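Reader: I would like to learn how to read the features of a model such as this one, beginning with the accessibility of single residues. Could you take me through them in turn?

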Amino acid sequence: MRQALRLAAKGRGFVSPNPMVGSVVVQQGEVVGQGFHQRVGGPHAEINALRDAGEKARGATLYVTLEPCNHHGRTPPCTQAVLEVGVTQVIIGMLDPNPRVAGGGAQFLRSHGVQVISGVLEMECRRLNQAFIKHMTTGLPLVTLKAATTLDGRIATRTGDSRWISGPRSRRFVHRLRCDLDAILVGIGTALSDDPLLTVRGVRKSCHQPVRVILDSDLRLPLTSQLLATIEHAPVWVACREQAAQRHRQALTDAGVEVLALPPGEHGVDLNALLRELGGRGINSLLVEGGAHILGAFLEQRLADEFYFFYAPKILGDPAAVPLVRGKQRRLMDEALPIYDLRVRRSGDDVLISGRLRKELY
């Protein structure tokens, strides 16, 4: 199963909105076939593993990180293929998180004489596909916060300058992270001050470009921005309030932008409505890159699931510099937001701290 998990991870950044799945075929203690889900619309992991095993799959044990599908989608059901090649035992990491079909594949196989064992390394399998599981069970994307900060917790100087706080290795990590996720979000303040590209660059493997989402309640994004200049390279969606001027909407639409008109909220746009809209459009995972008000809003409303914060060996020492997060005032330490599964590691000269903002996995 650990080998199947390693295989599954090879699909990261290529299979969304589908899950990452790996599979291994074992015959008399020997691995005779292996495979993973490589691309949307392509064969599932089990099919690739069974094809790799060939005739040796008959009477073998199939290991798979996610319960084999028992329904027609873009491809035929994997359970039927398992029966046809004569596999006698199937070991499953986790059941299908779709509440409408969970357990259906395992039940089908058992009813046709195949021995089925499930729940092997289940937590590791669930951790791998948190974005898929959350989207499947809630309709919402998994929300990841990312920021680079000085040791005294500042993400920009008082003038808004933030290039560059973190080092080259940390910035490469962020591009790999972007490559793995479906969409990136920043606020209009960041879009105006930095004029960012928000694209994936410098990653060796071929990679999709995530959707670039701008939280812009009053539609202030300039038509001359780098985002619009590169719209043929990567999509741009702008989330605004329903009351935003129609003429600005039309100008952005004519430039190729997808405008999402949403109900107003405490921070301009209702963030819950935004996440529902993104989830409804097939976005499984969202990387929130700032700025401080946006990070604070996602934290205050308990909408974030995990975070990556890069701490650079620098101190600004300026109380007017931009803080990592702008949130509500708290008088007691008991009011602080708890962090779970905290991890610390070096990233070049920086320190990367990551963790979860929810106690339990999805």
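This is a predicted model: local features need pLDDT of at least 70, side-chain atom pairs count only at pLDDT 80 or more; totals for chains, interfaces and linings use all residues.

Author: We can begin with the cut-offs for accessibility: a residue is called buried under 20% relative accessible area, exposed over 50%, and partly exposed in between.

Reader: Which class does Leu-342 fall into, and where does Leu-342 lie?

Author: Leu-342 is placed in strand 15, which covers residues 340-347, and at 53% relative accessibility Leu-342 counts as exposed. Together with Ile-339 and Val-344, Leu-342 makes a nonpolar surface patch of about 280 Å².

Reader: What interaction does Asp-341 form with Arg-343?

Author: The idea to hold on to is that a side-chain nitrogen of Lys or Arg must lie within 4 Å of a carboxyl oxygen of Asp or Glu for the pair to be called a salt bridge. Asp-341 and Arg-343 form such a salt bridge, their closest N and O atoms being 3.3 Å apart.

Reader: How many salt bridges does that rule give?

Author: The count comes to twelve salt bridges. Some residues are joined in a network of salt bridges, and that network links Lys-134, Asp-305 and Arg-358.

Reader: How far apart in the chain are Arg-126 and Glu-122, which also form a salt bridge?

Author: Arg-126 and Glu-122 are four residues apart in helix 5 (residues 122-128), which means that about one helical turn separates them. The closest N and O atoms of this pair are 3.9 Å apart. Arg-126 is buried, with a relative accessible area of 18%, whereas Glu-122, at 31% relative accessibility, counts as partly exposed. Leaving aside residues up to four places away in sequence, Arg-126 touches Met-94, Ile-133 and Tyr-362.

Reader: Which parts of the chain does the salt bridge between Arg-241 and Asp-218 link?

Author: The side chains of Arg-241 and Asp-218 meet in a salt bridge at 2.4 Å, N to O. This pair links distant parts of the chain, with Arg-241 in strand 10 (residues 236-241) and Asp-218 in the loop between strand 9 (211-215) and helix 9 (226-229), 23 residues apart. Arg-241 counts as partly exposed at 28% relative accessibility, and Asp-218 counts as partly exposed at 39%.

Reader: How should I read the sheet, and in what order do its nine strands come?

Author: In general, the strands of a sheet pair through backbone hydrogen bonds, either parallel or antiparallel. In this model nine strands form an open sheet in the order 11-10-9-8-12-6-13-16-15, and the pairing is mixed. The edge strands are strand 11 (258-262) and strand 15, each of which pairs on one side only, and the twist averages 20° from one strand to the next.

Reader: Which strands does helix 7 lie across?

Author: Helix 7 (residues 168-180) lies across strand 6 (142-150), strand 8, strand 12 (285-288), strand 13 (306-312), strand 15 and strand 16 (350-356), and helix 7 runs at about 165° to strand 13. Helix 11 (residues 271-280) also packs on the sheet, where its contacts include strand 9, strand 10 and strand 11, and the direction of helix 11 makes about 135° with that of strand 11.

Terms used: Residues are numbered from 1 along each chain as its sequence is written. Side-chain values use heavy atoms; hydrogens and water are left out. Helices (H or I, at least four residues) and strands (E, at least two) are DSSP runs, numbered from the N terminus. Buried means under 20% relative accessible area, exposed over 50%, partly exposed in between (1.4 Å probe, protein chains only). Contact means heavy atoms within 4.5 Å. Patches are made of residues with over 30% relative accessible area and no salt bridge: like charges are joined within 9 Å, nonpolar side chains (Val, Leu, Ile, Met, Phe, Trp, Tyr) within 5 Å. Accessible areas come from the Shrake-Rupley method with a 1.4 Å probe; for residues, only the protein chains shown count as cover. Two strands pair if DSSP finds at least two bridges between them. Axes are lines fitted to C-alpha atoms, for helices over the stretch in contact, and angles run from 0 to 180 degrees between N-to-C directions.
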